[in-house]
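Please keep the model open while you go through my points.

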Amino acid sequence: MDFLAALLFLQAAEKKLADLPDGAQLTRHWFAVDGSSAGFAAQKGDAVTLVNAGVTLEPFDDRGPLTISPDGKHVAYAGSREGKWFVARDKERAGPYDRVDAIAWSPDSARLAWAARTAEGVSAFLDGAATAPCDGITGLAFTPDNKELVYIAAKEAAFTAVVG
């Protein structure tokens, strides 16, 4: 285990975050900007274990996009169970969807957006509320002031920049 991986098991006052499952490989790690917490992703075969701030997050059959909030205190990720996809933010879950394409945090770490496919098409979801469906979404991001979600929406071979 490398030095950074070893640090993941320590927080202030040398508290252990969680045990790495036997035979699992550390695939990703992160730290809160203020040093108050840390987290990791570990994989053993098809099983993925995610731990953030000492809390083991919901396991899924498969994992898609994973993103850490800018302040390093939260994790959001896509996971599937029985062929349906979900978006998990720490211990909260949204879905089901047919597919999850992207996840984005606001710069202040307060808001979360994702692009997901449903039977109606692909929609952007901001704090859980869906936009009108289109054929595809790319470039999902927030403005630097945290106020607006921006992305490119494709519909019938036309591309539209969406702000809001």
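Here are my notes, starting with the basis of the model and then moving through its parts.

1. A word on the basis first. This is a predicted model, in which local features need pLDDT of at least 70 and side-chain atom pairs count only at pLDDT 80 or more, while totals for chains, interfaces and linings use all residues. Residues are numbered from 1 along each chain as its sequence is written, and side-chain values use heavy atoms, with hydrogens and water left out.

2. The overall make-up is one helix and 15 strands. Helices (H or I, at least four residues) and strands (E, at least two) are DSSP runs, numbered from the N terminus. The chain has 164 residues, and 41% of them count as buried; buried means under 20% relative accessible area, exposed over 50%, and partly exposed in between, with a 1.4 Å probe and protein chains only.

3. Take contacts (heavy atoms within 4.5 Å) between residues at least 6 apart in sequence: 26% of these join residues at least 24 apart.

4. Now to the aromatic residues. Two aromatic pairs are present, and Trp-114 with Phe-125 is a stacked one, at 5.8 Å centre to centre and 5° between the planes. Trp-114 belongs to strand S10 (residues 112-118) and Phe-125 to strand S11 (residues 121-126), so this pair ties together parts 11 residues apart in sequence. Both Trp-114 and Phe-125 are buried, and together with Tyr-97 they form one aromatic cluster. For the cut-offs, rings of Phe, Tyr and Trp (its six-membered ring) pair if their centres lie within 6.5 Å; planes under 30 degrees apart count as stacked, over 60 as edge-to-face and the rest as tilted.

5. Have a look at Arg-93 too, which lies over the face of Phe-86, 4.4 Å from the ring centre. A charge sits over a ring if NZ of Lys or CZ of Arg is within 6 Å of the ring centre and within 35 degrees of the ring normal.

6. Which strands form an open sheet in the order S13-S14-S15 pattern, and how do they pair? There are three strands in that order, and the pairing is antiparallel. Strands S13 (136-142) and S15 (158-163) are at the edges with a single partner strand each, so one side of each has no neighbour in the sheet. Strand S14 (residues 149-155) pairs with S15 over six bridges, and Tyr-151 has Val-162 in S15 as its bridge partner. Two strands pair if DSSP finds at least two bridges between them.

7. Two hairpins follow one another through strand S3. Strands S2 (residues 38-44) and S3 (residues 47-52) pair antiparallel over six bridges, with two residues between them, and Gly-45 in the turn has a positive phi of about 65°. S3 and strand S4 (residues 55-56) run antiparallel and are joined by two bridges; two residues lie between these strands as well, and Ala-53 in that turn has a positive phi of about 50°.

8. Finally, some backbone spots to check. Most residues other than glycine have a negative phi, and most peptide bonds are trans. Gly-95 and Pro-96 are joined by a cis peptide bond, with omega about 10°, and Pro-96 is in strand S8 (residues 92-97). Asp-90, not a glycine, has a positive phi of about 55°; Asp-90 sits in the loop between strand S7 (84-89) and S8 and counts as buried at 17% relative accessibility. Ala-157 has a positive phi near 70° and lies in the loop between S14 and S15, where Ala-157 is exposed with a relative accessible area of 77%.
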